[in-house]
Amino acid sequence: MHTVELIRKKRDGQQLGSEEITWLIEQYTAGAIPDYQIASLLMAIYLRGMNERETSDLTLAMARSGEQLHVQDFVSPVIDKHSTGGVGDKVTLAVTPLVASCGVAVGKMTGRGLGHTGGTVDKLESVSGFSVEMSREDFLRLLHGHQIVLAGQSNDLAPADGKLYALRDVTGTIESIPLIASSIMSKKLAIGASHLLLDVKFGSGAFMKTIEMARQLAQTMVEIGRAAGLHTVAALTAMDQPLGCAIGNALEMVEAIDILRGEGPDDVSELCYHEASEILVMTGKASNHAEADAIVQEAIRSGAALKKLVEIVEAQGGDPRQIEHPELLPSAPVRFMVNAPQSGYIAGIEAEGIGLASMSLGAGRFKKGDPIDHRTGLILQAKVGAHLNAGDPLIEIHARNNAEAEALQAELLSCYRWSETSVTVDPLIRDVIRP
Ligand code: URA
């Protein structure tokens, strides 16, 4: 086979065969095809698209490019969950111990934040000593012993995706549904859970700006899962304003603890409980949503869900006292309240702008490898739909120093839209795509 012929084929709108796709990924992973040819192929895929069969073939080839964990051979059912990323998204921190406390094992590899969306690893590392670095043996031991493991993304898993993603990042080929779907699903298939719950976000703070694009991405991933024997369900959820109230690593950890205590903000708590219920139904732990909701509520009420988080934090080297007493988590030296500049209803809080503001406080990375400050971030005092009077608390800045806090005020205020009349708030969960 010749790479240039395959590039021409895709460029001219033809389909690539299964063997051709497998060959391309094997050769590229082995370093036998240069980046410039694959960059050209990626642009052809971006422009011409891929059909279902090609997207599945690409995903499988990428999944097989490195280590495969086959976790369901050790514990079954075992759930994996993935969010396409948003601002203030601490759902994984709450849902994974919640479902593990209800008897569903969770084997999850999770990433660091880059850009305006946060990463679960960074949030977990705000707990002193917590480690996501582990061998395959440690991963399986934790899964067996605690029914939950929250590991960092292994570089040995789907290495073709690591190479392709880096190339897409610098060649304008990120925003392609077959490329995003195969990138996410290849890592999921390499882990080898039996069930996968996807949270596909859309809106100003998400990768997918419209629900139509999010639906197409979700359907593509559910179909890849179905074809590969991974039971996949995808929720379509709005990301127009930040999720919950806390943005920033330790601040989000505190909010996740509140959710597990039944005391979190309504929007994010409902999303977490809904996702947990969905997982109980899809894995057969509950026969319907009403039964699942009751099991979830009991895990919250009894404290079992929070106890599970304490257990896994301790098992992964973290200080469990910081979960039992969240006031012991690291906190920023400066707190600065920004007040409402006018009276009225909050009509919009631009999630991406809030995420970028939080990054500039040190809570996120502008480039890979940047250090982050776990203490800093923002706490929304009111959400879209709320009525405030001028001077009421609007958003609290948690900063390293006064200068950084004061410098951010105007930028934060520009993220808000106001209305004189009341505002309707659409539900967070817009649809659920099942196989
Ligand atoms: N997340 C991924 O893992 N891959 C993409 O292509 C986009 C988001």
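Me: Which residues and helices of domain 1 make up the side that touches domain 2?

Reply: The model is a predicted one, and its chain is divided into domain 1 (3-49), domain 2 (71-325) and domain 3 (331-419). The account below concerns domain 1 and domain 2. Their C-alpha centres lie 31 Å apart, and their contact takes 12 residues from domain 1 and 13 residues from domain 2.

The size of an interface is often expressed as the accessible area lost when the parts come together. Between domain 1 and domain 2 the buried area is about 1100 Å², and carbon and sulfur atoms give 79% of that area. On the domain 1 side, the residues that lose the most area to domain 2 are Tyr 28, Leu 42 and Tyr 46, which together account for 51% of what that side buries.

Polar interactions across the boundary can be stated briefly. The count of salt bridges between domain 1 and domain 2 is 0, and 1 residue pair is in polar contact, with both residues at pLDDT 80 or more.

As for secondary structure, α2 (18-29) and α3 (35-48) each supply at least two residues of the domain 1 side that touches domain 2. The largest share, 7 residues, comes from α3. By class, this side of domain 1 has 8 nonpolar, 3 polar and 1 charged residues.

In answer to the request, then, Tyr 28, Leu 42 and Tyr 46 lose the most area on the domain 1 side, and α3 gives the largest share of the residues there that touch domain 2.

How values were computed: Residues numbered from 1 in each chain as written. Predicted model: local features only at pLDDT ≥ 70, side-chain atom pairs only at ≥ 80, totals over all residues. Heavy atoms only, no water. Domains from an automatic or database assignment. Contact = heavy atoms within 4.5 Å. Buried area = accessible area lost by both parts, 1.4 Å probe. Salt bridge = Lys/Arg side-chain N within 4 Å of Asp/Glu carboxyl O. Polar contact = N/O pair within 3.5 Å; in protein donor to acceptor, adjacent residues only side chain to side chain. Helix = DSSP H or I, 4+ residues; strand = E, 2+ residues; numbered from the N terminus. Nonpolar A, V, L, I, M, F, W, Y, C, P; charged D, E, K, R; others polar.
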